[in-house]
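Trainee: I am new to this structure and would be grateful for a close look at a single part of it. Please examine the paired side chains, both charged and aromatic.

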Amino acid sequence: MILAGIGHLTYARETFQAQVPDWIPLSKDFTVLASGVVEILLGLAMVFLVKKKKYAGLALAIFFVLVFPGNISQYLEHRDGFGLDTDTKRLVRLLFQPVLIFLAIYSTDALKKSQTS
């Protein structure tokens, strides 16, 4: 997440703009920059907030849900980005978003009840 966030802010900034739907009321550049900052913060939370990992995992899963419309938009609008230069590649990528959501929840035990002594 940290590396992806850095990419949003630097070398992949323009490429990430391909995933921002036209209906977002903010500029594509601002949306990419803001989501990059959020990704960096989520990545840092996953690394450093070990005692709060459930919350970090839930926040990350929610983030993945919130950016999913951008991935759908990229597919529906046939926008190239990250080597996704065919509809088939863009469709396959869509199948991985639920996997990311699952991994964010599963790897942090985000849905397990807290144990009390």
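Mentor: What follows begins with the overall setting and then turns to the charged and the aromatic pairs.

This is a predicted model, in which local features need pLDDT of at least 70, side-chain atom pairs count only at pLDDT 80 or more, and totals for chains, interfaces and linings use all residues. Residues are numbered from 1 along each chain as its sequence is written, and side-chain values use heavy atoms, with hydrogens and water left out.

The protein has 5 helices and 0 strands, where helices (H or I, at least four residues) and strands (E, at least two) are DSSP runs numbered from the N terminus. Its C-alpha atoms fill a box of roughly 55 × 25 × 25 Å along the principal axes. Of its 117 residues, 32% count as buried; buried means under 20% relative accessible area, exposed over 50%, and partly exposed in between, with a 1.4 Å probe and protein chains only. Among contacts with a separation of 6 or more, 64% join residues 24 or more positions apart, a contact being heavy atoms within 4.5 Å.

The charged pairs come next. Side chains of opposite charge can pair when their charged atoms come close. A salt bridge is here a side-chain nitrogen of Lys or Arg within 4 Å of a carboxyl oxygen of Asp or Glu, and by this rule the count comes to 9.

One of these salt bridges joins the side chains of Arg 79 and Glu 77, at 2.6 Å from N to O. Arg 79 counts as buried because its relative accessibility is 17%, whereas Glu 77, at 34%, counts as partly exposed. Both residues also belong to a network of salt bridges that links them with Asp 22 and Lys 28.

Asp 109 is partly exposed, with 27% relative accessibility, and Lys 112 is exposed, with 56%.

The aromatic side chains complete this close look. A pair of aromatic rings is described by the distance of the centres and the angle of the planes. Rings of Phe, Tyr and Trp (its six-membered ring) pair if their centres lie within 6.5 Å; planes under 30 degrees apart count as stacked, over 60 as edge-to-face and the rest as tilted. The structure holds 3 such pairs. In one of them, the ring centres of Phe 16 and Phe 82 are 4.6 Å apart and the planes stand at 65°, so the pair is edge-to-face. Phe 16 lies in helix 2 (residues 13-16) and Phe 82 in the loop between helix 4 (53-76) and helix 5, so this pair ties together parts that are 66 residues apart in sequence. Phe 16 is buried, with a relative accessible area of 14%, whereas Phe 82 is partly exposed, with 41%.

Phe 63 and Phe 64 form a tilted aromatic pair, with 6.2 Å from centre to centre and 55° between the planes. Both Phe 63 and Phe 64 are buried.
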